[in-house]
Amino acid sequence: MKAVILAGGLGTRLRPMTYRRPKPVISLMGRPFLEFQIRWLESFGVEDIALCLHYQADRVESVLGDGRKYGVRLHYIYEETPMGTGGALANASQFWGQHRLLVLNGDVLVNFNLYSMVDFHVARKSIATIALARVSDPTSYGMVMVKPDGKVARFLEKPAWDQVSVRSINAGVYILEPEVLTYIPPAREISIERETFPELLSAGLPFYSYREPFYWLDIGTPEKLMQAHFDLLDRKIFADLNGTRISDHVWVDKSSHLGEEVNLIPPVFIGPHAKIGDGSVIGPYAVIGENAIVENECEIRRSVLYENTIVGANSSLSWSLLDEQSQVKEESSIQGFLLSADSVIGKGCRTIKASETIDS
Ligand code: GDD
Ligand code: MG
């Protein structure tokens, strides 16, 4: 089976991070995000993967290369203007050919047995099978209503609250037979969710949903991206995290440097060449990226520091994400903050929660 990863979106909900690089290669635990998807596909024997790209496409290609380092062949298919999730597939029709195709949204972190989904699809002679996830709020997703036999009854993209009737949503993982292509007119922008799926339903074709309890997360917002880091630390999804594991849920890369009396509270990940100053408390749920510097007597909890960031002495961070090359100067206290790349928070700054009042 061949695979296509739809990865041409603008990543608007991840701005300002996606001004600097496109969502597919934003790093998760120091690895380009798509590496997780590619390795997952490779573990189920998928050898040919096409990446349908538009926004900063050359950047994706330069990071991932020809795929050899992941044991796959990567094919790059560019769109001059974004063709939408369906149009991108029509644009990939030559690659698709007469093969069964696995399609992945390029921003979902998933882990389940792909062989079982293929068996399910084949046994039902389905022409399209979509994996389902469960969320408490389906309004940002494609809501999927299902019949008792697993057939899709209705697909509603981004339902309004008063349209929400179930919590099952499209996980962004499909198996499609080549016949589906005949339902996607070429050379125009098409949403597979808003146009093609409803069309398959009105044509009465065997269109199934596949439900299995599995880990699933769309990393498309800063909060979700942080969550993905924390879930990896919790081993909710398996990934080889490289660094040396010194105890349960503590990963410290051999090339990093820990000062005196540093307290690591699991789960923690300290990347290559990172430096942690004396007396600092790191964790729980802290990811310190490559070359990041945390000076003396800092507290870093529930936060992600990207590559080459600096946190000045006596500062504390919680629920915050520092994008690469950003700095928080000494004696600052930052909570619930996304600091964009190259920005600097001055000495002694404090973020204040909206609900907090200032005592005079
Ligand atoms: N090549 C290409 N061209 N890719 C695109 C385009 C395009 O014009 N537009 C979007 N994509 C890619 C994005 O890069 C992303 O990887 C994927 O398609 C989905 O787009 P998002 O913009 O992230 O969509 P969403 O998260 O709002 O909703 C989609 O994903 C949900 C699951 O996370 C839908 O498929 C929902 O139905 C689904 O529930
Ligand atoms: Mg998304």
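Predicted model: local features only at pLDDT ≥ 70, side-chain atom pairs only at ≥ 80, totals over all residues.
Asp-107 is buried, with a relative accessible area of 9%. Buried means under 20% relative accessible area, exposed means over 50%, and partly exposed is in between (1.4 Å probe, protein chains only). Residues are numbered from 1 along each chain as its sequence is written, chains are lettered from A and ligands numbered from 1 in the order in which they are written, and side-chain values use heavy atoms, with hydrogens and water left out.

- Helices (H or I, at least four residues) and strands (E, at least two) are DSSP runs, numbered from the N terminus.
- Asp-218 is buried too, with a relative accessible area of 15%.

- Ligand 1 sits in the largest pocket.
- A pocket is found on a 1 Å grid over the protein atoms alone: it is an open set of points with protein on both sides within 12 Å along at least five of seven lines, whereas a cavity is a set of points where a 1.4 Å probe fits but cannot get out; lining residues have an atom within 4 Å of a point.
- A molecule sits in a cavity or pocket if more than half of its atoms lie within 2 Å of its grid points.
- There are 27 residues around ligand 1, and Glu-79, Glu-157, Asn-170, Glu-193 and Asp-218 come nearest.
- Being near a molecule or strand means having a heavy atom within 4 Å of it.
- α4 (84-91), β10 (152-157), β11 (168-176) and β13 each supply at least two residues of the shell around ligand 1.
- α4 gives the most to this shell, with three residues.

**Polar contacts of ligand 1**

- A polar contact is a pair of N or O atoms within 3.5 Å; within protein, one must be able to donate a hydrogen and the other to accept it, and residues adjacent in sequence count only if both atoms are side-chain atoms.
- A polar backbone atom of Cys-52 is 3.0 Å from a nitrogen atom of ligand 1.
- In the side chain of Glu-79, an N or O atom is 2.7 Å from a nitrogen atom of ligand 1.
- An oxygen atom of ligand 1 lies 2.6 Å from a polar side-chain atom of Glu-157.
- The protein covers 90% of the 740 Å² of accessible area that ligand 1 has on its own.
- Accessible areas come from the Shrake-Rupley method with a 1.4 Å probe; for residues, only the protein chains shown count as cover.

- Asn-170 lies in strand β11, and counts as buried at 8% relative accessibility.
- The side chains of Asn-170 and Tyr-174 are joined by a polar contact of 3.0 Å.
- Asn-91 lies in helix α4, and counts as partly exposed at 34% relative accessibility.
- Asn-91 and Cys-52 are 39 residues apart along the chain, and their C-alpha atoms are separated by 8.4 Å.

**Backbone features in loops**

- The peptide bond from Pro-266 to Pro-267 is cis, with omega near -5°.
- Pro-267 has its place in the loop between β17 (263-264) and β18 (268-270).
- The peptide bond from Gly-283 to Pro-284 is cis, with omega near 0°.
- Pro-284 lies in the loop between β20 (281-282) and β21 (286-288).
- Glu-297 has phi near 55°, a positive value in a residue other than glycine.
- Glu-297 is in the loop between β22 (293-294) and β23 (299-301), and is partly exposed, with a relative accessible area of 47%.

**Trp-251**

- Trp-251 lies in strand β15 (residues 250-252), and is buried, with a relative accessible area of 3%.
- Trp-251 and Gly-271 are 20 residues apart in sequence and 8.0 Å apart in space, C-alpha to C-alpha.
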